[in-house]
Every structure is written in structure tokens, then in C-alpha cells.
Amino acid sequence: MHEMLSSVAPETSLTQLLDLVDDRAVRGFVCRSHDLLIDGKWMRASSGKVLEVSEPSTEGVLGSIAAAEAEDVALAVDSAWRAFDDGRWSRLTPAKREARLHRLADLMQEDAEALATIETLDNGKPLTTSREIDIPDAIRCVRYMAGWPTKIDGRNVTVSASNSPLALTMKEPVGVVAAITPWNFPLCMAVQKVAPALAAGCTVVLKPAEQTSLTALRLGALALEAGIPDGVLNVVTGLGDSAGEALVRNPLIAKISFTGSTASGIRIGKMAMDNMTRLTLELGGKSPMIVLPDCDLDLAAQGVIDGLFFNAGQVCSAASRLYVHADIHDILLDKVAARVTTLRLGHGLDPATDMGPLVSAAQRDRVRRYIDQGGKDGAQRIGGSLWDGAGWFVRPTIFTHLDPGSAVMREEIFGPVVGVVAFREMDEVVRCANDSRFGLAASIWSNDLLQVRALASRLRAGTIWVNAHNPVDPALPFGGYGLSGFGREGGPEGLDAYLETKAVWIN
């Protein structure tokens with residue numbers, strides 16, 4: 001078993017791809033020049049500069065987005081500060097904030113098909129993924145957080161150090177939030193930050209990834225339509241080194257929520273400390289998938305496909321380290337390889353597409369370098385032949401016989417590449433799984449509840465899945481250990497990140 005080739009859709013031009021979009025308004029949206037949303041108004045970048053919006057499966061240029069710089073970011077932050085300071089949102093009754101967030105969710109639901117199509121054209125992922133996973137998840141997140149404004153409260157406290165008749169705590173919004181999002185799940189990542197911030201009463205400046213800004217801009221328009229006041233949600237597009245850095249360094253920003261690479265997160269963290277700005281960082285991962293000999297092998301084989309090749313491996317919690325008990329190692333790999341051959345690679349609007357391209361040429365080239373390095377390190381490769389057509393595609397690649405210290409096993413690749421290691425003893429697999437500076441997630445595949453419980457308690461990861469990999473829900477916190485960041489998104493923990501706690505003594 002040395003090569004495995006997934007099927008390939010016929011090559012399609014950008015014109016042919018756009019002809020598949022029935023909604024003329026959506027075609028017009030993705031192909032136009034987009035402005036910044038600041039203080040409820042759409043405006044060009046002060047410099048007049050724009051960035052091209054590319055479609056990953058054809059490499060064609062769709063339209064453009066404004067390239068915000070420090071001056072534009074300052075306008076957006078000032079707008080958000082005024083909107084926070086005058087209380088147009090933070091002092092709105094909780095019931096009214098809740099109603100407007102529910103209205104936003106309603107509008108997203110009405111716009112769901114358009115949002116899914118825009119996400120697919122911008123990111124390259126299959127439309128089935130956008131339609132069935134990304135957009136529904138984003139709407140669920142808004143609805144979940146919409147329920148919180150009427151439930152934010154403090155507590156009465158009986159103090160022992162004083163005769164004070166009343167002591168209590170109050171929860172208040174932190175202020176202006178900088179939300180900086182990645183390109184792998186553009187709309188989902190945006191609402192995971194925007195929705196809890198708005199539920200808490202904060203105002204937001206959203207800076208989406210420059211590769212995939214279109215659904216963030218659409219979200220801004222829907223927020224205005226939902227009755228979110230001007231200046232409460234601002235959207236600035238542009239490069240991280242200019243727009244992103246100016247946002248992070250602005251002293252009016254009270255809270256930064258960033259999802260992206262560990263290197264960028266560390267840099268943002270250092271800049272944030274100059275103003276003691278609060279941080280939530282959801283960073284990289286190198287998540288282990290541990291397969292025990294009593295598992296359902298067919299379920300586990302499909303779990304590898306879903307856990308690693310979903311979204312072309314561009315998932316922070318992707319199952320990029322596969323530890324398989326030696327007794328079932330060869331059987332499982334045979335089953336995985338057989339399934340990989342059925343994966344169809346192609347553009348996102350083809351309903352038969354299982355795996356789309358990577359988001360950019362730079363990301364494709366980065367993943368290819370890891371594949372080349374794996375070969376130089378002496379690992380045995382299954383699959384991974386080069387793509388020779390248009391589009392930023394990388395074929396599914398499996399490496400075996402890896403050195404534990406190899407780059408494939410230790411570094412986040414963010415592509416459809418997995419390293420496989422056989423093990424025999426539980427202590428051995430725990431040591432290997434924890435031998436990483438990341439600690440975002442892990443999965444265990446077994447029907448032995450005692451073994452699962454014992455193993456889960458020993459793994460250093462923020463999320464442990466059992467007989468599944470990658471499901472998320474807005475009611476559950478998500479975040480990691482070590483270089484995977486700190487803080488949590490989702491659940492009450494995610495909301496609390498946007499709240500201050502104030503103690504009040506009344507004599």
C-alpha cells in the first residue's frame with residue numbers, strides 16, 4: 001500500500017464556477033469591491049488600497065476588499081468606544097439585547113443559502129459543508145448567546161470581616177472588544193467572538209482574515225438590519241501587520257479575542273501586555289487520535305477521514321497524530337486507505353466534492369514542504385502525490401514509520417497530512433500523546449468505558465472526544481493547554497470572558 005488516489009473533478013474555470021450560482025445577488029456580492037463598516041456606514045479605506053479576493057479552486061479573482069490601515073482602525077475603535085460609552089447597547093435592557101440577537105439569528109437563517117455559497121466561494125470548502133455544518137453552527141451560536149443577556153447577574157455575599165449589611169457582586173461588560181478571526185471557518189469564528197461580546201453588552205471591532213472576509217462583511221450588514229445600533233459592530237478588513245496590529249495596540253481596546261496560529265498569538269499577547277489588555281487566545285493544535293484494539297474499526301476508520309481530512313485538514317483540532325494499537329494497525333490503515341480513494345477532490349459548488357482546496361497558494365506550498373520533509377526524514381508515505389492542475393489542492397497524505405521528533409509529528413501542518421504510530425502499552429501512548437507543546441484536543445476510540453475514563457484523565461488537552469473527533473457545540477467551552485492558547489470560547493465560560501466582576505459594599 002504505497003499510493004492512494006482520490007478521484008478528481010474536471011477542471012472548472014472561474015466563469016464556469018460562477019455560472020453555477022443561481023442567485024444573481026450572491027454573484028454580485030462576491031464579485032464587487034467591498035468597503036469597511038465603521039459607525040454604521042460603509043466607507044473606503046483612507047488610503048484607497050484594496051486586496052484581491054481569490055477563489056481557491058480556480059485561483060481566479062472574484063472581487064476585492066478594502067485594505068484598512070491604522071487610520072481606519074482608529075476610526076472604528078473610536079466609533080465602538082462612543083457606542084459603548086453612551087450606553088446605546090450596554091445600557092439597553094437585557095431583554096432588548098436578547099431580542100435583537102435573536103433577530104440577527106433569524107436574518108442569518110433567512111440568508112443561510114447565500115451565506116453558505118459566499119463562504120464556499122471565498123474559502124473553497126464544499127458547499128455541503130458550508131450549508132450543513134458551518135452556517136447552521138454559526139446560527140446556533142448566535143441563538144445560544146442570545147439567551148444570555150437576561151441571565152447575567154451577580155450574587156449577594158455574606159462577609160465575615162465587616163458588619164456591612166450588604167455586599168454583592170455585579171457583572172459588567174468589559175468595553176470595546178477586538179475580534180480577530182482566521183480563514184478556516186470564517187463565519188463560525190466571527191460569531192463565536194461577536195455573539196458573546198454583544199450578549200455581554202460590549203461593542204466590537206471585527207477584523208476577519210484577509211483571505212476570507214466576505215461573510216464577516218455580510219454579518220455586519222445583517223447586524224445593522226437586525227437593529228444592532230451603529231458603532232456597536234464594526235468590520236475592518238485588511239492585513240494583519242497593518243490593520244490587525246493597529247487594532248491590538250489601540251489603548252481603547254479592553255479585550256482581544258484571537259483565533260489563529262500560535263506564532264501570531266504569542267506576538268499579539270506580547271503587544272497586548274503594553275496596555276494590559278485582556279486576552280482570549282485560541283491557537284494551534286497537534287491533536288492525537290488514540291485507537292484502542294476493542295474499538296469499532298469501521299467507525300474509527302471513518303473517524304480518521306472526518307477528523308483529519310474534513311476541511312482539507314485546515315482545522316486547529318485536526319487529528320494529525322494517529323496512535324493505533326499494534327494489533328489493529330495494519331487493518332485500520334487498510335480501511336482508511338480504501339476510504340481515501342473514494343474522496344472526490346474538486347471545487348466547492350460540485351455536490352460530489354468531498355474535499356476542496358487549501359485556502360491559498362501560500363498554505364498549499366507550506367503543506368507541500370511538510371510532505372517533502374516527511375520523505376527526507378525517512379518516513380513511509382501513503383498518498384500525497386502532487387496536484388498538477390489549477391487550484392490550491394493537496395491530496396490526502398499518510399505517513400508511517402515516523403520518528404517521534406519529526407516535524408510531521410510535532411508541528412501543526414494545517415493540511416490533509418497525518419502521521420501514524422503504532423503502540424502497545426497505555427503508558428506508552430499517554431507519554432506520546434502528551435509529548436507536545438500543544439494541548440487543544442484529543443480523541444479516544446474504544447468501547448471500554450474504564451479504559452476511556454482512565455485515559456481521558458491523563459491526557460493534557462482542553463477537549464476529549466470519545467468515538468468522535470471535531471464535534472463542537474456553543475454550550476461547551478473550547479480551548480486548550482500550553483501553546484494552544486488560554487481562555488475558552490463557548491458556554492458560560494466564553495461569555496464570562498467579556499464581563500468584569502465588580503464587588504460592591506454598602507454600609
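Visitor: Which residues in α16 do Met 426, Asp 427, Val 429, Val 430 and Asn 434 in α15 meet?
Guide: Quick heads-up: this is a predicted model, where local features need pLDDT of at least 70, side-chain atom pairs count only at pLDDT 80 or more, and totals for chains, interfaces and linings use all residues. Residues are numbered from 1 along each chain as its sequence is written, and side-chain values use heavy atoms, with hydrogens and water left out. Contact here means heavy atoms within 4.5 Å, while helices (H or I, at least four residues) and strands (E, at least two) are DSSP runs numbered from the N terminus. On the α16 side, those five α15 residues meet Gln 451, Leu 455 and Arg 458.

Visitor: What classes of residue make up the contact of α15 with α16?
Guide: Ala, Val, Leu, Ile, Met, Phe, Trp, Tyr, Cys and Pro count as nonpolar, Asp, Glu, Lys and Arg as charged, and the others, Gly among them, as polar. Sorted that way, the α15 and α16 contact has four nonpolar, two polar and two charged residues.

Visitor: At what angle do α15 and α16 pack, and how many Å apart are their axes?
Guide: Two packed helices are described by the angle between their axes and the distance between the axes. The axes are lines fitted to C-alpha atoms, for helices over the stretch in contact, and angles run from 0 to 180 degrees between N-to-C directions. For α15 (residues 426-434) and α16 (residues 449-458), that gives about 35° and 10 Å.

Visitor: Is Asp 72 buried or exposed?
Guide: Asp 72 sits in helix α3 (residues 70-85). Beyond its neighbours within four places in sequence, Asp 72 has contacts with Leu 36, Ile 38, Arg 44, Ala 45, Ser 46 and Ala 67. The cut-offs are under 20% relative accessible area for buried and over 50% for exposed, with partly exposed in between (1.4 Å probe, protein chains only). At 2% relative accessible area, Asp 72 is buried.

Visitor: What separates the C-alpha atoms of Asp 72 and Ile 38?
Guide: Ile 38 is among the contacts of Asp 72. Along the chain the two are 34 residues apart, yet their C-alpha atoms are separated by 8.5 Å.

Visitor: What is the phi of Met 276?
Guide: Most residues other than glycine have a negative phi. Met 276 lies in the loop between α10 (262-272) and β13 (278-282), and is exposed at 61% relative accessibility. Although Met 276 is not a glycine, its phi is positive, at about 55°.

Visitor: How about His 401: where does it lie?
Guide: His 401 also isn't a glycine, and its phi is positive, about 55°. With 56% relative accessibility, His 401 counts as exposed. Its place is the loop between β18 (397-400) and α14 (407-410).

Visitor: How much space lies in the largest cavity?
Guide: A cavity is a set of points, on a 1 Å grid over the protein atoms alone, where a 1.4 Å probe fits but cannot get out; lining residues have an atom within 4 Å of a point. Grid points are joined across faces, edges and corners, and a volume is the space filled by probe spheres set on the points. The count comes to four cavities of 30 Å³ or more. The largest cavity holds about 70 Å³.

Visitor: Which of the residues that line the largest cavity are closest to its centre?
Guide: By class, its lining has seven nonpolar, four polar and two charged residues. Out of 13 lining residues, the closest to the centre are Gly 313, Ala 318, Ser 320, Ile 413 and Phe 414.

Key: 1 Å grid on protein atoms, 1.4 Å probe; cavity = no way out; pocket = protein on both sides within 12 Å on 5 of 7 lines; lining within 4 Å.
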